[in-house]
Amino acid sequence: MRIYSLFEQKRPVFSLEVFPPKQTVNFERVKQTLRELAALRPDYVSVTYGAAGTAAGLTCELAAFLKQELQVEPLAHLTCINSSRRQLDGVLGRMQEAGVENILALRGDRSPEVEPQKDFHHANELMQYIGERYDFSLAGACYPEGHPDSPSAEEDVKTLLYKQQAGAKHLVTQLFFDTDAYFRFVDRALAAGVTLPVQPGVMPIVKLGQIQRTVALSAASLPAAFSKMIARYEQDPDGLYKAGIQYAVSQCLALLAGGAPGVHIYTMNNANVARQVYEGIKGALGRGEDGCV
Ligand code: FAD
């Protein structure tokens, strides 16, 4: 199934992100998480790609497991900055064999320890390369508060046109906590000529450690309500867990009510968190008690 066709149905698209384990010994645990996530009947599940392609095989294997054993459509992430064309051809061949139909084509982060390869500089080049040689449906990343490499949010949004021209069919956002930032971004993108569906990515923050790790890396701004929540539950892990789920639920509801074409939940491989967010938003997704649309 081509994921972009879901957006054409004009109903909210509900999807989840997972990451492969760092070591193959933990593979079974992640598969169990996927079984639990599949019970939420997501429209698709995206599988991240390790920096520099170190775990490309695991991304393919999880995508194949989703597709073949759980009948859930996978969106396989793929980065290009640290890979040659030849290396990527190898990965793309494995993705084809795994039955992957949808790829989130990315540049990847630059690392001071890794000398980038010279074949690809930006995500749109990867999209063009894939589009000319393979039959995958392509998605791209976008940043409601601007990508850190961009001089401004205005300049950043213009580069989304390159992705659109290179064949991307939909966009998934970086995590953010300021819901208004998403709507301002969508307006800017539309004004720049971007007509693709922009699916917001929401990360439930249920542990203090996530703020230091993930949130700091994303450079997302922290609205007053979010900062107050963190300050209030700093010493109360259970309270933070519940408040974090509630914050993510409120964010999803506001996004859907404001016309977002769906929500993509960054699960951090925590099926319980994903399920609780899903329970809070399933009405807004138009799903009944059995999870069916
Ligand atoms: P690009 O689109 O190339 O953009 C990077 C910068 O260059 C931006 O500032 C942009 O404005 C600018 N730019 C874009 N195109 C051009 C152009 N043609 N000419 C000049 N400037 C341009 N990383 C991983 O390693 N693995 C993952 O699985 C992964 N999944 C992600 C999923 C999502 C939804 C998101 C939002 C990010 C993900 N990332 C992942 C992180 C991503 O690799 C980094 O954010 C990376 O720094 C940028 O990737 P990009 O595809 O947006 O790059």
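1. Let me start with the term cavity: on a 1 Å grid over the protein atoms alone, it is a set of points where a 1.4 Å probe fits but cannot get out, and lining residues have an atom within 4 Å of a point. The largest cavity is lined by Phe177, Met203, Pro204, Ile205, Phe226, Met229, Gly244, Tyr247, Ala248 and Gln251.

2. A word on the basis: this is a predicted model, where local features need pLDDT of at least 70, side-chain atom pairs count only at pLDDT 80 or more, and totals for chains, interfaces and linings use all residues. Residues are numbered from 1 along each chain as its sequence is written, and side-chain values use heavy atoms, with hydrogens and water left out.

3. Back to that cavity, whose volume is about 30 Å³ (the space filled by probe spheres set on the points, which are joined across faces, edges and corners). Helix 11 (237-257) and helix 10 (224-232) each supply at least two lining residues, and helix 11 gives the most, with 4. Helices here are DSSP runs of H or I with at least four residues, strands are runs of E with at least two, and both are numbered from the N terminus.

4. For the sheet, 8 strands form a closed barrel in the order 1-2-3-4-5-6-7-8, with parallel pairing; a pair needs at least two DSSP bridges. On average, neighbouring strands are turned by 30° against each other, direction ignored. Strand 2 (residues 44-47) and strand 3 (residues 74-79) share 3 bridges in the parallel sense, and Val47 stands opposite Ala76 in strand 3.

5. Which residue meets Arg2 in a salt bridge? The partner is Asp135, at 3.5 Å, N to O (the criterion is a side-chain nitrogen of Lys or Arg within 4 Å of a carboxyl oxygen of Asp or Glu). Arg2 lies in the segment before helix 1 (4-8) and Asp135 in the loop between helix 5 and strand 5, 133 residues apart. The whole structure has 13 salt bridges.

Definitions and conventions. Axes fitted to C-alpha atoms, helices over the stretch in contact; angles between N-to-C directions. 1 Å grid on protein atoms, 1.4 Å probe; cavity = no way out; pocket = protein on both sides within 12 Å on 5 of 7 lines; lining within 4 Å.
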